[in-house]
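Subject: Structure handover

Hello,

Please find the structure below. My notes on it come after.

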Amino acid sequence: MNEVGFSDEYKALKLRYAALRERVANQIEMFTHLVEVVGPNMKAQYMMLVGQLEHRVYELKTEVNRWKRRFALRQQYLNRGEKPDFMGIEAELDKEFAEYLAEIKKHIEEIKEASLKFHAGKLSEKEASVLRCAYLDAVKKLHPDINPGLPQAAIDLWNQIQKAYEEQDWDNVKFLASLVDGVVSGDVDFAASPDGIAALKESCERLEAKSQEIAQETERVKSTVPFTYEVLLEDEDLVFERQGQLNAQIAALEGCVKEYEELWNNGK
C-alpha cells in the first residue's frame, strides 16, 4: 500500500473508532438510565396502582387456605376422639405456611420501597438532561469497555459514579462527574503506523461487538418485568379495569375469611 493509501486507511479507521466510541457510550448511558431509573420508577408506579392490590389478593388467598387447613387439623383431633390442641394447630400452620408468610413479608417490603420512590421528589426535565449529559461524559472517559488501560484512580472514580447512579444520589453523581477530567489524561492515541492501524482495527472490532451486546441486552431487559407493565401503565382504562378486578377478588376473599372466622368461633 502506498503512503497515500496508508494515510486514507488510517484516517478512515480513526473516524470509525471515534464514531463507535460515541455510539457505545450513548448505548451504555441509555441502558443504565433504563435499568437504574426508568425500570425502578415503573415498578414503583405499578406497585402503587396495581401491585399492592395483587399483594392483598395473595395475602387473603393465603389466609383462606390457612383457615381451610385449620379446620382440617381440628377435625383430625376430633376424629381421634381427642380434644383439639389449638396452640399445636397454630404452630403446625406457621410451619406449613412459612414459605407463604416469607413471600408476604417480601411483598410488604417491596410496597414500602415503591411508596418511598413513588412519592420522592422527581428531577425536572432540565435537571435530568444535565445529569444524563454529565453521566454520558463520564461514560465516554471512564467506562472500561471504551477506555481500556485506565489508571486505578479513574477506575475507582468510575465505580463511585456507578454506585451513586444506582442509588439515584443525583447530587453525588454530578459532583463525581465533575472530577472526571482531573483523573483522565485524554483519549488513547494510535500511531500512524502498521501497528497503530492493527490496534485501531482491533479496537473497532471490540467496540462493534460491545455495541451488539448492549443492543441485545437492552432488548432482553425490555421484555422482562417491570418493563412488561408499560402497556398497562400507559392506559388509564386498563389500570382502572385491573383495579376493579382485584378489588372484586379482595371483597370476595374478605367475605370468605369472615365466614370462616364466624364458623370457627361458633365451634362449627
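This is a predicted model: local features need pLDDT of at least 70, side-chain atom pairs count only at pLDDT 80 or more; totals for chains, interfaces and linings use all residues.

Residues are numbered from 1 along each chain as its sequence is written, and side-chain values use heavy atoms, with hydrogens and water left out.

The largest pocket holds about 280 Å³ of space. Here a pocket is an open set of points on a 1 Å grid over the protein atoms alone, where a 1.4 Å probe fits, with protein on both sides within 12 Å along at least five of seven lines; lining residues have an atom within 4 Å of a point. Points are joined across faces, edges and corners, and the volume is the space filled by probe spheres set on them. The lining has 14 residues, and those nearest the centre are Val-37, Asn-41, Leu-123, Gln-168 and Trp-170. Helix H1 (3–79) and helix H4 (125–142) are the elements that give two or more residues to this lining; helices are DSSP runs (H or I, at least four residues) numbered from the N terminus. By class the lining divides into seven nonpolar, four polar and three charged residues (nonpolar: Ala, Val, Leu, Ile, Met, Phe, Trp, Tyr, Cys and Pro; charged: Asp, Glu, Lys and Arg; polar: the others, Gly among them).

Gln-168 also has a positive phi of about 55°, although it is not a glycine. Gln-168 sits in the loop between helix H5 (152–166) and helix H6 (170–177).

Arg-66. This residue of helix H1 is buried, at 10% relative accessible area (buried is under 20%, exposed over 50%, partly exposed in between; 1.4 Å probe, protein chains only). Beyond neighbours within four places in sequence, Arg-66 contacts Glu-90, Leu-93, Asp-94, Phe-97 and Leu-101, contact meaning heavy atoms within 4.5 Å.

Helix pair. The axes of H2 (residues 86–96) and H3 (residues 98–119) come within 4 Å and cross at roughly 65°. Asp-94, Lys-95 and Glu-96 of H2 meet Ala-98, Tyr-100 and Leu-101 of H3. Axes are lines fitted to C-alpha atoms over the stretch in contact, with angles from 0 to 180 degrees between N-to-C directions.

Cis peptide. Val-225 and Pro-226 are joined by a cis peptide bond, with omega about 10°.

Cysteines. There are zero disulfides (cysteine sulfur pairs within 2.5 Å). Cys-133 is exposed at 51%, and Cys-256 is partly exposed at 30%.

Regards
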